[in-house]
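Subject: Structure for your review

Dear colleague,

Please find the structure below, handed over for your own work.

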2 protein chains.
Amino acid sequence: MHVQFASNATARAVPQGFFACLASETESMGALALPGVVCKKPAGETLFREGETADGVYEVISGMLRICKLLPDGRRQITGFVPAERLIGISLGGTYSYTAETITEVVICCYRRSALDRLMLERPKLTRHLLAAAAQELHVAHEQMLMLGCKDALEKVASFLLLMAGQQGGGIDATEVHLPMDRHDIADYVGLTVETVSRTFTRLKRSKVIALRTANCVEICDWDRLDEMASR
Amino acid sequence: MHVQFASNATARAVPQGFFACLASETESMGALALPGVVCKKPAGETLFREGETADGVYEVISGMLRICKLLPDGRRQITGFVPAERLIGISLGGTYSYTAETITEVVICCYRRSALDRLMLERPKLTRHLLAAAAQELHVAHEQMLMLGCKDALEKVASFLLLMAGQQGGGIDATEVHLPMDRHDIADYVGLTVETVSRTFTRLKRSKVIALRTANCVEICDWDRLDEMASR
DNA sequence: CGTAATCTTGATCTGATTCAAATGTCGTGG
DNA sequence: CCACGACATTTGAATCAGATCAAGATTACG
């Protein structure tokens, strides 16, 4: 496969869904060369900022990023956490409409927007795959709006935990959920303050629905009640 | 153009962006027949519900719809108001992830998912157009999350008014903004109660930033201050 | 007109924020 | 290994923005 590795890249993980989609196309296998560049970034780095010209689409291979938007006075909304196998940066306008920052060390694969644009015209399936990804993102965004607008603190935190548990894969009953982000990130995601998030965690702890191994490792003890608490 | 008109259809408006995209494709103009069905719906009707199998994509020709999601206990989040020239129902999963209801009488054009799916493989530009629409929706969704999670009542209502003013087209300085939805809809959109929305309107009125011709016709008197109040 | 709905206003209550301090965790260097 | 400091998390007490409950005022409509 025709992939350039950047500076400090690791070859251990191979891009999954997106790349697979490209590889499986029967037509013009010879000209497959989508110039995806795999590279590694340390935790706490900015991949791109809201407003910058959107010249790349990224696939997360391992690690986690946060997507956020800021108000002029510094208030921050985290609109999503992006785990492995997901794309970021689909925007198709001239500029990114959000900022992407690494939470952990990540390995990502970068595709240049210009190359993608060219390919999309030749590869209907690629475009459809991107459309599917966008539709999925949109679905998640709608769920989050429901949470932000309607739910109270307990419901928000419960929903957040279930979301994390879900995207941690591991299937049902993988009771150990690891939270790579800090309380401040969680707070900005659910639209509460750090203090309220912390209080809510202890509330869940006291009611024996969860247990905290460490501050960022949650054991879910009672899935059914957590589900109820999330109000769906 | 090959369009069927349903029962009580009006021919006055011709589908814009989406249709135009199809028509402008050079290839296979003969087989252009995308079976779009134009029809009229009265106010207060449900176009489709969250969870139903998503078998259609709709283009709004005139009028306005609301997109909403419900919690089991009836709490409602309106995730968007859809004006003319916009698409609803891009989901690509098996089911709609939200409910669409008419606020005013609307004229819409319905495209069957199956037909669209077939066409997408032949028409890269169509798929790209859908992708662009999805990306735009995603951008708006992110803005709304920022609003729901970070802003206070005044900022929310100000943002809402600016959004409505903006999508009312009419260019800048079209100070008359018509609000086809009721206060309850607005409340569920910005994540407040009807009472708080009402109080906020009077607050804006007293500070001479807006004036209310009627309950659903707002005159924006001071754009700059409204802009500040929205915090961007 | 009169009735029902929507919208506005007022008084009170409450969940979340704010401010402040204590506790816990981790890495560094003595 | 332990002491120290920096930082994240938790807890507590006071305050406040928005919700709730309860009337009025206004508009729409048969």
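A charge is taken to sit over a ring if NZ of Lys or CZ of Arg is within 6 Å of the ring centre and within 35 degrees of the ring normal. Please bear in mind throughout that this is a predicted model. By that criterion, A:R183 is placed over the face of A:F201, 4.4 Å from the ring centre. In chain B, B:R183 lies over the face of B:F201, likewise at 4.4 Å from the ring centre.

Aromatic pairs

Over all chains, a search of the whole structure returns 12 aromatic pairs. One of them joins A:F48 and A:Y98 in a tilted arrangement, with 6.0 Å from centre to centre and 40° between the planes. A:F48 belongs to strand β3 (residues 46-48) of chain A, whereas A:Y98 sits in the loop between β7 (87-88) and β8 (99-102) of chain A, so the pair ties together parts that are 50 residues apart in sequence. A:F48 and A:Y98 are buried.

A:F81 and A:Y189 form a tilted aromatic pair, at 5.0 Å centre to centre and with 35° between the planes. Because A:F81 lies in strand β6 (residues 76-82) of chain A and A:Y189 in helix α5 (residues 183-190) of chain A, this pair links parts that are 108 residues apart in sequence. A:F81 and A:Y189 are both buried.

A:F48 and A:Y98 also belong to one aromatic cluster, together with A:Y58 and A:Y96.

Nonpolar cores

In soluble globular proteins, nonpolar side chains tend to be buried together. The largest nonpolar core here has 70 residues, and the members that touch the most others are A:F160, A:L161, A:L179, B:F160, B:L161 and B:L179. Leaving aside residues up to four places away in sequence, A:F160 touches A:F81, A:L179, A:M181, A:I186, A:Y189 and A:V190. Another core, of 34 residues, lies apart from the largest one; its members include A:V57, A:L116, B:L34 and B:Y111.

Cavities

How many cavities of 30 Å³ or more does the structure hold? There are 4. The largest cavity contains about 60 Å³ of space. Its lining consists of A:V57, A:I90, A:S91, A:L92, A:R113, A:L116, A:D117, A:M120, A:L130 and B:L131. Helix α2 (residues 113-122) of chain A contributes the most to this lining, with 4 residues.

Helix α5 of chain B

Helix α5 (residues 183-190) of chain B is mostly covered, with 7 of its 8 residues buried. These are B:R183, B:D185, B:I186, B:A187, B:D188, B:Y189 and B:V190.

A loop residue in chain A

A:Q168 is found in the loop between α4 (153-167) and β10 (176-178) of chain A. Is A:Q168 buried, partly exposed or exposed? Its relative accessibility is 32%, and A:Q168 therefore counts as partly exposed. Not counting residues up to four places away in sequence, A:Q168 touches A:E176, A:V177 and A:H178. A separation of 17 Å lies between the C-alpha atoms of A:Q168 and A:A215, which are 47 residues apart along the chain.

With kind regards

How values were computed:
Residues are numbered from 1 along each chain as its sequence is written. Chains are lettered from A and ligands numbered from 1 in the order in which they are written. This is a predicted model: local features need pLDDT of at least 70, side-chain atom pairs count only at pLDDT 80 or more; totals for chains, interfaces and linings use all residues. Side-chain values use heavy atoms; hydrogens and water are left out. Rings of Phe, Tyr and Trp (its six-membered ring) pair if their centres lie within 6.5 Å; planes under 30 degrees apart count as stacked, over 60 as edge-to-face and the rest as tilted. Helices (H or I, at least four residues) and strands (E, at least two) are DSSP runs, numbered from the N terminus. Buried means under 20% relative accessible area, exposed over 50%, partly exposed in between (1.4 Å probe, protein chains only). A nonpolar core is a set of buried Ala, Val, Leu, Ile, Met, Phe, Trp, Tyr and Cys residues joined through side-chain atoms within 4.5 Å. Contact means heavy atoms within 4.5 Å. On a 1 Å grid over the protein atoms alone, a cavity is a set of points where a 1.4 Å probe fits but cannot get out, and a pocket is an open set with protein on both sides within 12 Å along at least five of seven lines; lining residues have an atom within 4 Å of a point. Grid points are joined across faces, edges and corners, and a volume is the space filled by probe spheres set on the points.
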